[in-house]
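User: Hi! I am new to protein models and would like to learn how to read one. Could you walk me through it?

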Amino acid sequence: DVIERENAGLDFGSWSEGLRRHGDRCEGELLLANDSVYGPIGDLRAGFERLRGLEVDVSGFVERLHHTPHLQSWFLLFSPRARASPEFRDFMAQDFAAMTKADIIRNGELGLQRALDAAGLSFAGLYRQPDRDASRAIANFNPTHSLWRELIVSHDVPFLKVELLRDNPLQISDVGAWREVVTARAPDLTALIEAHRDGLGADWAGRSPRLR
């Protein structure tokens, strides 16, 4: 189905509406994804199978420690057990459309982790920070920004955050090298990324070949 709707509730609002309409007909695994990343960069099928190989109830490409260990929500794979759990259904029944962006982050991405914990469901990310007991001093660390190159090259995560190239909020010094990294794995994607950014009519972090 293709559902046209006002962008209220962001990604969780859209997923909630889709499950409201069709959740009772879902069988097998459930994949939730959004458009906050560019990809695939490399072999998406291989990346997908690696997620399945984690042998957990819910898997994603990147785990983050901010506030509490949780999976970043832009690509999440749910097992049939997780998808059918009452806790997940109750979680997705929230009125995300009435929430602010901050509320959606708190009740969505972080709230999902609380729902999984309450249901006794296991989760894992393809990339996990080496020290899960890291101090609060590094709790705000975002791997998809600070380790964007390592995620693609060393961990075979086939996606790159749009925000990194658009805004580079942490002023990552090597973001201008994205073309080299992407072109080596997905030559056709480079021009699509540039066309997307140019279509927005805005300057952006990765536009100039010089480092910023």
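**Reading the model step by step**

Analyst: Gladly! Let us begin with helix H10, where Pro187, Asp188, Leu192 and Gly199 are exposed on one side. Exposed means over 50% relative accessible area, buried means under 20%, and partly exposed lies in between (1.4 Å probe, protein chains only). Helices (H or I, at least four residues) and strands (E, at least two) are DSSP runs, numbered from the N terminus.

User: What should I know about the model itself?

Analyst: This is a predicted model, in which local features need pLDDT of at least 70 and side-chain atom pairs count only at pLDDT 80 or more, while totals for chains, interfaces and linings use all residues. Residues are numbered from 1 along each chain as its sequence is written, and side-chain values use heavy atoms, leaving out hydrogens and water.

User: Which residues of helix H10 are buried?

Analyst: In H10, which spans residues 187–199, they are Leu189, Thr190, Ile193 and Arg197. These four cover an arc of only 110° around the axis, so they sit on the same side of H10. The arc is that of the directions from the helix axis to the C-beta atoms.

User: What do the buried residues of H10 pack against?

Analyst: Their partners are strand S2 (37–38), helix H8 (162–166) and helix H9 (178–185). Contact here means heavy atoms within 4.5 Å.

User: Where is tryptophan 178 found, and is it buried or exposed?

Analyst: Tryptophan 178 belongs to helix H9. With a relative accessible area of 0%, tryptophan 178 is buried.

User: How do I read the chain as a whole?

Analyst: Start with the secondary structure, which comes to 10 helices and 7 strands. Next, look at burial: 44% of the 212 residues count as buried. Then look at contacts: among those between residues at least 6 apart in sequence, 68% join residues at least 24 apart. Finally, the chain exposes about 11300 Å², with carbon and sulfur atoms supplying 49% of it. Such areas come from the Shrake-Rupley method with a 1.4 Å probe; for residues, only the protein chains shown count as cover.

User: What is a salt bridge, and how many are there?

Analyst: Side chains of opposite charge can pair when their charged atoms come close. The rule used here asks for a side-chain nitrogen of Lys or Arg within 4 Å of a carboxyl oxygen of Asp or Glu. By this rule the count is 12 salt bridges.

User: Which residue forms a salt bridge with glutamate 29?

Analyst: That is arginine 52, and the closest N and O atoms are 2.6 Å apart. Arginine 52 lies in helix H2 (residues 44–52) and glutamate 29 in the loop between helix H1 (10–22) and strand S1 (30–33), so the pair ties together parts that are 23 residues apart in sequence. Arginine 52 is partly exposed at 38% relative accessibility, and glutamate 29 is partly exposed at 37%.

Arginine 52 also meets glutamate 49 in a salt bridge (2.8 Å, N to O). Those two are 3 residues apart in helix H2, about one helical turn.

User: Where do arginine 106 and aspartate 103 lie?

Analyst: Both are in helix H5 (residues 101–119), 3 residues apart, or about one turn of the helix.
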